[in-house]
Amino acid sequence: MEDSKRKDAISQFYLKYGFATRCLHAGEKVGQPKSKAHTNAIYQTSTFIFDDAEEGADLFAQKREGFVYTRMGNPTVMVAEAKLNSLEGRDVKLADPEHVRVSSLLFSSGMGATSSLAMALLNPGDALLRGTVLYGSSDHFFNDVLPRHNVKNVLVDTTKLENVEHAIRLNPKARMIFFETPTNPMLDLSDIEEISKIVKSVNPDCLVAVDNTFATAYLQNPLSLGADIVMHSTTKYLSGHGTIVGGALTTKHDWVKDALYKTMKDFGPCPSPFDCWLLNLGMKTLPIRMEKHCQNAKEVAKFLEKHPKVEKVYFPGLPSHPHYELAKKQMRDFGGMISFDVKGGYAAAQAVMNHVHVISLAVSLGCVDSLFQHPASMTHASMSPESRKACGIGEGLIRLSVGIEEVEDIIADLDHALHAVDKAGHVSPSVMT
Ligand SMILES: Cc1ncc(COP(=O)(O)O)c(C=O)c1O
């Protein structure tokens, strides 16, 4: 039996239900033995016992279905994979359900997913087209690791369709285009549908892969817009409570899933069953959390845009944002992430970061509570200063993950912290905390 069939966990049955219903119910019975327990068991085990030698041999030969060893599959992991399938699989056209279906694989981290994606699908001599603004470690991996394997790393500003067309024509050996939308940390958007059309019309062998971490499956489904692969850092909104580090890849091509599964087996970035149990629990409340994140972020962005200590706000839900129209077309709402430049550069940003009480100063994002951090010295410190400058990541830039607290409390906390900065960007002695 093919790997994809063995590991396939999708239930097309659930696709007919609404998003929130799928979040709660999809995947819940996959791989689970009959039991009267309301919630799923955690199979925190590395290995599985065979009934007899014949069963062991058959499972290894993939002649029977069953579990062997957790790196190769685990019932708790499968539940979360199946749920994610149903969330990202909405409206994906299954032209040939026998050979085309949506399937997901979970990883030990978002970077485990991104690096496995490249290792599984790119070969020496190939080119990768990738967005100019990416999460720092993704940027570092594509810039520094892939060229060592003779994969050409081509930077493309995917926010401009003419650049995508130019790059795809110029690089006939491109086998994948990878981009974030919205981007971390500048919150720029790329048009998934148009990029997919351009790429497929010029080079049908080039896969379109989208990092959907900031938007989540609640706000946009890249596979239904023409992409081939969706990547998530499940560390963020999907799990939602800051309890795990994890990653995911979802695809509508069995051959892609097979290649990813082989890479998982051989490279080994498998997730822990307990983390997947927490992820599954987190995904159950994704819609209700995202609704509140989006609602709060809109209020916070409006407040920041008017604040005298703030130079510029980057939030796709503001009409002043250059991709506001695209956000309205492509996303169901504008998300919970905001970046803003504090007047006065690094010293001013430092002052703000050191004067909050409700918001926590921490990297990561998409948690129920608000977090903020300084990309230039933290998440994007691995980029060269020139690259950061080219991407617009300035010294005064703060990235804020708006939580689901009372919005008045988030705003009051920011207002207090921003008043700690005087005009020159120094901490005002009159504000003591
Ligand atoms: C957009 C995006 N992609 C990928 C990653 C990497 O994920 P992880 O930290 O789970 O490895 C991150 C992490 O912050 C991210 O923000």
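Trainee: Which atom of Gly 110 lies 2.9 Å from an oxygen atom of the ligand?

Mentor: In this predicted model, that atom is a backbone N or O atom of Gly 110.

Trainee: How much of the accessible area of the ligand does the protein cover?

Mentor: On its own the ligand has 390 Å² of accessible area, and the protein covers 92% of that.

Trainee: And how many residues surround the ligand?

Mentor: There are 15, and the closest are Met 111, Asp 211, Ser 233, Thr 235 and Lys 236.

Trainee: Now the sheet, please. What is the order of the strands?

Mentor: Read across the sheet from one side to the other: E1-E7-E6-E5-E4-E2-E3. The sheet is open, has seven strands and shows mixed pairing. At its edges are strand E1 (103–107) and strand E3 (152–156), each of which pairs on one side only. On average, neighbouring strands here are turned by 20° against each other, direction ignored.

Trainee: How many bridges join strand E2 to strand E4?

Mentor: Four, between residues 127–131 of E2 and residues 174–180 of E4, and these strands run parallel. To find your place, look for Arg 130, which stands opposite Phe 178 in E4.

Trainee: Which strands does helix H4 lie across?

Mentor: Helix H4 (residues 75–88) lies across E1, strand E6 (229–233) and strand E7 (247–251), and runs at about 130° to E1. Helix H5 (residues 110–121) also packs on the sheet, touching E1, E4, strand E5 (207–211), E6 and E7. The direction of H5 makes about 150° with that of E6.

Trainee: What should I look for in the backbone angles?

Mentor: Then look for exceptions. A cis peptide bond joins Thr 181 and Pro 182, with omega about -5°, and another cis bond joins Asn 184 and Pro 185, with omega about 5°. Pro 182 sits in the loop between E4 and helix H8 (192–202), and Pro 185 is also found between E4 and H8.

Trainee: Which residue has a positive phi although it is not a glycine?

Mentor: Asn 150, with a phi of about 60°. Look for Asn 150 in the loop between helix H6 (136–145) and E3.

Trainee: Where does pLDDT stay under 50?

Mentor: Over residues 1–10. For the protein, the mean pLDDT is 92, and 92% of its residues reach 70 or more.

Definitions and conventions: Residues numbered from 1 in each chain as written. Predicted model: local features only at pLDDT ≥ 70, side-chain atom pairs only at ≥ 80, totals over all residues. Heavy atoms only, no water. Pairing = 2+ DSSP bridges. Helix = DSSP H or I, 4+ residues; strand = E, 2+ residues; numbered from the N terminus. Axes fitted to C-alpha atoms, helices over the stretch in contact; angles between N-to-C directions. Contact = heavy atoms within 4.5 Å. Near = heavy atom within 4 Å. Polar contact = N/O pair within 3.5 Å; in protein donor to acceptor, adjacent residues only side chain to side chain. Areas by Shrake-Rupley, 256 points an atom, 1.4 Å probe, with all protein chains shown as cover. pLDDT = per-residue confidence, 0-100.
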